[in-house]
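Hello,

Here is the structure I promised to pass on. My notes follow it.

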Amino acid sequence: MAFIKKDFATARQYLTEALQSLPTDAHAWIFLARTHVKFKDWTRAIASMRSAFAIKPATAAEETELGHYCSNNDQPEDAAECFSRALE
């Protein structure tokens, strides 16, 4: 609910706490990544997305999203790999 209300600091706190209890919730990891993006914390956003992908296969849209995060974090090679996987 905090994410929907655009209270991203609270959303980040809730998601972090939830993931301590449910570390295999891939969707929570993805929402945590998106919350980090709101703070332009690309390193944490990338790590959260990769945590999600370790639990479940990424969709093409999620790979594209990760590619944008990598691009914004000055990781062009990683971004290119993400975009390539999104096209498979």
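The side chain of glutamate 65 makes a polar contact with the side chain of arginine 34, at 2.8 Å. (A polar contact is a pair of N or O atoms within 3.5 Å; within protein, one must be able to donate a hydrogen and the other to accept it, and residues adjacent in sequence count only if both atoms are side-chain atoms.) This is a predicted model: local features need pLDDT of at least 70, side-chain atom pairs count only at pLDDT 80 or more, and totals for chains, interfaces and linings use all residues. Residues are numbered from 1 along each chain as its sequence is written, and side-chain values use heavy atoms, with hydrogens and water left out.

Glutamate 65 lies in helix α4 (helices are DSSP runs of H or I, at least four residues, numbered from the N terminus). Glutamate 65 counts as buried because its relative accessibility is 16% (buried means under 20% relative accessible area, with a 1.4 Å probe and protein chains only).

Now α2, residues 26–38. Its buried residues include Trp29, Ile30 and Leu32. They pack against α1 (8–21), α3 (42–55) and α4 (60–72) (contact means heavy atoms within 4.5 Å). Aspartate 25 caps the N-terminal end of α2, with a side-chain oxygen 3.1 Å from the backbone nitrogen of histidine 27. Just after α2, lysine 40 takes a positive phi of about 55°.

Last, the core. The largest nonpolar core has 20 residues; Met49, Ala52, Leu66, Tyr69 and Cys70 touch the most other members (such a core is a set of buried Ala, Val, Leu, Ile, Met, Phe, Trp, Tyr and Cys residues joined through side-chain atoms within 4.5 Å). α2 gives the most to this core, with seven residues.

Best wishes

Note on methods: Buried < 20%, exposed > 50% of the residue type's maximum accessible area, 1.4 Å probe, protein only. Helix = DSSP H or I, 4+ residues; strand = E, 2+ residues; numbered from the N terminus.
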